[in-house]
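Here is a short tour to read alongside the coordinates. Have the viewer open and follow the headings in turn.

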Amino acid sequence: MSKNNKNHREKLKKPSNFSAQHLLISKRLIHDMIDLAQIRSTDTVLDIGAGTGALTFPLAEKAAHVLAIETDPAFVDKLFSKIKDGSNIRVKQSDFLEVPLPKSPFAVVANIPYSITTPIMARLLDHPGVPLQRAVLLVEKGAAKRFTAVPVQDPRILSWRMHYDIRLVRTISPQHLRRLPKWIPLF
């Protein structure tokens, strides 16, 4: 584990288990997402809302660098416990909306938090100067339909679609995800 990752673990402590966490549990879907993103051995890839690392670790097998961004301290600890010395994975405990984006080209493969889907999309797509090369995102079905609707109703989405090919590739069943409760009883 790198010194940078150890120091970062100590910094932020936010409440655990915010709403809209859906952990990806289907290995087939994980590999389908990575294949669809055409990850290469030279790529830097962001995993937004990394959770327990279901996407993070398979991405690390294909990419040069993986940045796993996670707010939940318990998940961050799990990620750190799985990382081996010399790993190409860097974990950042932070809100994605506050993390500086890479200055060099990057890809995103993520099962993003549904409650902040539009802000995440805006962060990635609002500024054409962001060096995003490609992304495969698992998003809530209603949001996916809104982002791919014809005709386009929202000027922001129209702008995104002028610069990026945004497609609804497929829908998945709930069996591919494990929904976490919005709260954890303390007793």
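## The S5–S6 pair

In this predicted model, strand S5, covering residues 106–111, pairs with S6 in the parallel sense, and six bridges connect the two. For a handy place to start looking, find Phe106, which stands opposite Leu132 in S6.

## The sheet around it

Zooming out, S5 and S6 belong to an open sheet of five strands with parallel pairing, ordered S4-S3-S2-S5-S6. The edges are taken by strand S4 (89–93) and strand S6 (132–138), each of which pairs on one side only. On average, neighbouring strands in this sheet are turned by 15 degrees against each other, direction ignored.

## Helices across the strands

Two helices are worth a look here. Helix H2 (residues 27–36) lies across S5 and S6, and its direction makes an angle of about 160 degrees with S6. Helix H5 (residues 117–125) lies across S5 and S6 and also across strand S2 (44–48), running at about 170 degrees to S6.

## The largest pocket

What is the volume of the largest pocket? The value comes to about 1000 Å³. Its lining counts 35 residues, and those closest to the centre are Ala135, Val136, Leu137, Arg167 and Val169.

Which element gives the largest share of that lining? Strand S6 does, with seven residues. The elements giving two or more residues are S6, the helices H2 and H5, and helix H6 (141–148). By residue class, the lining of the largest pocket splits into 23 nonpolar, seven charged and five polar residues.

Key: Residues numbered from 1 in each chain as written. Predicted model: local features only at pLDDT ≥ 70, side-chain atom pairs only at ≥ 80, totals over all residues. Heavy atoms only, no water. Pairing = 2+ DSSP bridges. Helix = DSSP H or I, 4+ residues; strand = E, 2+ residues; numbered from the N terminus. Axes fitted to C-alpha atoms, helices over the stretch in contact; angles between N-to-C directions. Contact = heavy atoms within 4.5 Å. 1 Å grid on protein atoms, 1.4 Å probe; cavity = no way out; pocket = protein on both sides within 12 Å on 5 of 7 lines; lining within 4 Å. Points joined across faces, edges and corners; volume = space filled by probe spheres on them. Nonpolar A, V, L, I, M, F, W, Y, C, P; charged D, E, K, R; others polar.
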